[in-house]
Amino acid sequence: MPIKFIQLLTSTQRSYKTNVQLGAYMAFVAGAVNAGGFLAIARYTSHMSGIISAIGDDLALNDFISVLGGISLLLSFLSGAATTAIIVNWGRRRKIHSEFALPLLVEAVLLLVFGLVGANLNMYLPLTVPAIALLLCFVMGLQNAIVTKASRAEIRTTHMTGVITDIGIELGKLIYWNKSQEANEGAYVRANREKLKTHLFIFGMFLIGGIIGALSFNKVGYISVIPLSLLLVLIAGFQIYRDISAKMKDWVS
């Protein structure tokens, strides 16, 4: 990847194009982690709808242990999103370049922990499943908030419900037959083709990530997430290095 392209992905100077590019890669990561994580712990961790529904089911069945487990996963996802908000706002108040890169680096480190610890503790799977589930929920909350903050809520990457809904809306508008000329004058139905292309791109990257994540986890196990982690370090590293260099220059001068 060209250095300039990588720098722009986490730059504080955002454009729609860079938001889509960052969102597409992060959707790929989310798809891969979600699929690989399911194979590891038999649970999806990137979206909260199923977890919240399961809490209701378990509560109705008086399975209070499972209820506590579901609540802990929900709180972990919330904590991840809150952590991103704290880091980004801390960076924004200090006017640093790495306000989006720092939480991305945290995600990279946590995915590295997942890859290394999961591979080393396979034999203790029943004991490590809860910790791994909490870790992945935290990571997904962290990531979803990163892209949400960077794109000003234009793009989501860890769950596809909203994305697919928007695709359906734009497809409906695209095929709508504007037959009445009288109605067309005041309410012509026109699809937002740019938005449709963006959501199809995000959806495609999530799907590709899920396929590759499942295949690679089946083949090599937990360490399959390490390349994803290292690439996140690379993406985050340029802006962080920029801030460190500026700070060192201030110290020297």
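Mentor: A pocket, as the word is used here, is an open set of grid points where a 1.4 Å probe fits, with protein on both sides within 12 Å along at least five of seven lines. A residue belongs to the lining if it has an atom within 4 Å of one of those points. The model is predicted, and the values that follow are computed from it.

By that definition, the second largest pocket has a volume of about 150 Å³. Its lining is made up of 13 residues, and those nearest the centre are Asn 34, Ala 35, Tyr 44, His 47 and Phe 206. Two helices, α2 (16-41) and α9 (193-220), each contribute at least two residues to this lining. The biggest contribution is that of α2, which supplies four residues. Sorted by class, the lining of the second largest pocket holds seven nonpolar and six polar residues, with no charged ones.

Of the 14 residues in its lining, Arg 43, Gly 69, Gly 70, Ser 72 and Leu 73 lie closest to the centre. Elements that provide two or more residues here are α3 (49-60), α4 (64-93) and α6 (125-150). The largest share, five residues, belongs to α4. In the lining of the largest pocket, eight residues are nonpolar, four are polar and two are charged.

Helix α4 also holds Leu 78. Together with Ile 65, Leu 68, Ile 71 and Leu 75, Leu 78 forms a nonpolar patch on the surface. The accessible area of these residues together is about 500 Å². Leu 78 itself has a relative accessible area of 48%.

For contrast, turn to Glu 170 in helix α7 (residues 161-174). Glu 170 has a relative accessible area of 3%, so it counts as buried, the limit being under 20%. Glu 170 and Ile 96 are 74 residues apart along the chain, and their C-alpha atoms are separated by 38 Å.

Charged residues number two in the lining of the largest pocket, whereas the lining of the second largest pocket has none.

Terms used. Residues numbered from 1 in each chain as written. Predicted model: local features only at pLDDT ≥ 70, side-chain atom pairs only at ≥ 80, totals over all residues. Heavy atoms only, no water. 1 Å grid on protein atoms, 1.4 Å probe; cavity = no way out; pocket = protein on both sides within 12 Å on 5 of 7 lines; lining within 4 Å. Nonpolar A, V, L, I, M, F, W, Y, C, P; charged D, E, K, R; others polar. Points joined across faces, edges and corners; volume = space filled by probe spheres on them. Patch = residues over 30% accessible without salt bridge, like charges linked within 9 Å, V, L, I, M, F, W, Y side chains within 5 Å. Areas by Shrake-Rupley, 256 points an atom, 1.4 Å probe, with all protein chains shown as cover. Salt bridge = Lys/Arg side-chain N within 4 Å of Asp/Glu carboxyl O. Buried < 20%, exposed > 50% of the residue type's maximum accessible area, 1.4 Å probe, protein only.
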